[in-house]
Amino acid sequence: MNWKSFFIGLTVGIAGGFAAKKLISQNTKISPEKVLKHVKEQFKQNGPISGSWIHMKTEPFERHDVQYHVYKGGISKNINGKTEQFEFIADALTGTLLDIKRLSEVSL
């Protein structure tokens, strides 16, 4: 066995592996669990969260003539004896929040 051929093959294999990983990661959606964790971290900056949920399947969404695949979910927070509920839309490829809407306040 020629060592030169071995190292050339090893180098090509490693380079091909990195190229394949990059190509796959560009088209891979973030898991809904990771997106929900990211959203919860953002909401926790302004107080504790009492509940959360996320749809496990992506949906098409358009904003400013740009098409996205998104996860939709919700967060509940208790603030001064009132439960505030929010609905969010997050990009499935990056996890970026695209929209947040306050749904209601419920007195306890």
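Two strands count as paired if DSSP finds at least two bridges between them. Helices (H or I, at least four residues) and strands (E, at least two) are themselves DSSP runs, numbered from the N terminus. In this predicted model, local features need pLDDT of at least 70 and side-chain atom pairs count only at pLDDT 80 or more, while totals for chains, interfaces and linings use all residues. Residues are numbered from 1 along each chain as its sequence is written, and side-chain values use heavy atoms, with hydrogens and water left out.

A quick look at confidence comes first. The predictor's confidence in each residue, pLDDT, goes from 0 to 100. The protein averages 84, and 86% of the residues score at least 70. Helix 1 (residues 3–26) comes out lowest, with a mean of 73, whereas strand 1 (residues 51–54) comes out highest, at 93.

Now for the strands. Strand 3 and strand 4 run antiparallel and are joined by ten bridges. Pick K72, for instance, and its bridge partner in strand 4 turns out to be I89. The two strands form a hairpin with two residues between them, and N80 in the turn has a positive phi of about 50 degrees. Strand 4 is mostly covered, as seven of its ten residues are buried. Here buried means under 20% relative accessible area, exposed means over 50%, and partly exposed is in between (1.4 Å probe, protein chains only).

The E84 side chain makes a polar contact with that of R102, at 2.7 Å. A polar contact is a pair of N or O atoms within 3.5 Å; within protein, one must be able to donate a hydrogen and the other to accept it, and residues adjacent in sequence count only if both atoms are side-chain atoms.

What about the nonpolar side of things? The largest nonpolar core has eleven residues, among them V35, F43, I54, Y71 and F86. Such a core is a set of buried Ala, Val, Leu, Ile, Met, Phe, Trp, Tyr and Cys residues joined through side-chain atoms within 4.5 Å. Helix 2, strand 3 (66–79) and strand 4 each supply at least two residues of this core, and the largest share, four residues, comes from helix 2.

The structure also holds one aromatic pair. F43 and F86 form this tilted pair, with 5.3 Å centre to centre and 55 degrees between the planes. Rings of Phe, Tyr and Trp (its six-membered ring) pair if their centres lie within 6.5 Å; planes under 30 degrees apart count as stacked, over 60 as edge-to-face and the rest as tilted. The pair links distant parts of the chain, with F43 in helix 2 (residues 32–44) and F86 in strand 4 (residues 82–91), 43 residues apart. Both F43 and F86 are buried.

Finally, there is the loop between strand 2 (59–63) and strand 3, where H64 lies. Phi of H64 is near 55 degrees, a positive value in a residue other than glycine. H64 counts as exposed because its relative accessibility is 70%. D65 is in the loop between strand 2 and strand 3 as well, and its phi is near 65 degrees. With a relative accessible area of 69%, D65 is exposed.
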